[in-house]
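This report concerns sheet architecture and aromatic contacts. The sequence and the structure are shown first.

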Amino acid sequence: MSGSTLDVLLRATDSQTLGPASDQAALTLKLGLISDLNGSYGSTSYGSAVKRGVSLLVQQQPDLVLCAGDMVAGQQRSLTSAQLQAMWAGFEHSVRSPLEQAGIALLPAIGNHDGSSQKHQGHWVYAREREQAALFWNKHHGDLSSGFIDMDLFPFQYAWRRPGLYVVVIDASSANVDSSQRQWIETALNSTDRNPDDLCLVMGHLPLTAFSEGRARPGECIADPCGLADLLRRSRVDLVISGHHHAWYPSESMGLRLLSLGAMGSGPRRIIGSGVTAPPSLTILEWSQNNNLVEEISFDLNTLQPLPNDRLPGSLNVPGFAQARRRATQWQRGPLN
Ligand SMILES: [Fe+2]
């Protein structure tokens, strides 16, 4: 897309912005939610939808961007450490640095292409990917530092807060979220650092249930999701954010509010049962602490227009996976009925 066409679209989108967060000072938070940016294995550059997405974020000026993983294109054991470093340098150049220059910090979750947690005989299968992901993020966490509560295992699992917001990032870079991580999640969610009035988000790459065609199979969703869902529900999590399925679908499932993010990059997928390919997208979430109201707007990164959720299927039903029911994108914080 030419610069001038993009400018026109951004100007058109400007009339649909949610308004600057500073209008209501600390009482309103505006978050950019993105996922799945990577191209083909080893790629150091990003497609046009990612570029439009970064421009849209800079224009929207969220207080913070959360990325649900797959920022680079690893998960191939033939990739050398130098290639992995070059991919992260590409991410820095195209995504993280432009956001930072616009004053927008980026909270990452690690995806299977960034540093999969898959193990074989007790060892990481993608140990080099995980090492490079850790090196990159420990060098490039910008001004996130003041918000870390528990960062021993950053960037894989950590808790982070700022006034009004409490985020627990989980390592769902493979289907295996093991019992020790589940114990850590419970501890993190019940920390005394969490204010009961905070909007509480849990973000991980793989989802708790299936959203897209071809991903409704073992290995593409968190294994044994019911116990984890129970834990998140008991811990009064407001929203569980995931990527990996490359299809935007706001839902309720297992007594939780879920948000499957669309891919920002390549690899579009069809929502289960819809026959329609999900476009590249990102979501802007705004939370007003005043009235406890959350509003999400998701933008199609081909057209830069908001995506209507009434065109999504009313529910997704696949044997062996928890049903997901489409939900409203404006909601009151608090337990589901
Ligand atoms: Fe993924």
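Over the face of which ring does Lys 119 lie? Lys 119 lies over the face of Trp 124, at 4.4 Å from the ring centre. A charge counts as sitting over a ring if NZ of Lys or CZ of Arg is within 6 Å of the ring centre and within 35 degrees of the ring normal. Arg 130 is placed over the face of Phe 156, at 4.0 Å from the ring centre.

The model is predicted: local features need pLDDT of at least 70, side-chain atom pairs count only at pLDDT 80 or more, and totals for chains, interfaces and linings use all residues. Residues are numbered from 1 along each chain as its sequence is written, and side-chain values use heavy atoms, with hydrogens and water left out.

**Aromatic pairs**

A search of the whole structure finds 11 aromatic pairs. Rings of Phe, Tyr and Trp (its six-membered ring) pair if their centres lie within 6.5 Å; planes under 30 degrees apart count as stacked, over 60 as edge-to-face and the rest as tilted. Two of the pairs involve Phe 148.

| Pair | Centre to centre | Angle between planes | Class |
|---|---|---|---|
| Phe 148 and Phe 154 | 4.8 Å | 70° | edge-to-face |
| Phe 148 and Tyr 158 | 5.7 Å | 70° | edge-to-face |

Phe 148 lies in strand 6 (residues 148-153) and Tyr 158 in strand 7 (residues 157-162), so their pair ties together parts that are 10 residues apart in sequence. Helices (H or I, at least four residues) and strands (E, at least two) are DSSP runs, numbered from the N terminus. Phe 148 is buried, with a relative accessible area of 13%, and Tyr 158 is buried at 0%; buried means under 20% relative accessible area (1.4 Å probe, protein chains only). Phe 154 is buried as well. Elsewhere, ring pairs link Tyr 46, Trp 88, Phe 91, Phe 136 and Trp 137 into a cluster.

An open sheet of 6 strands has the order 3-2-1-13-14-17, with mixed pairing. Its edge strands, strand 3 (105-108) and strand 17 (330-332), each pair on one side only. Two strands pair if DSSP finds at least two bridges between them. Strand 13 (residues 281-288) and strand 14 (residues 293-300) are antiparallel partners over 8 bridges, and Ser 281 has Asp 300 in strand 14 as its bridge partner.

Notes. Buried < 20%, exposed > 50% of the residue type's maximum accessible area, 1.4 Å probe, protein only.
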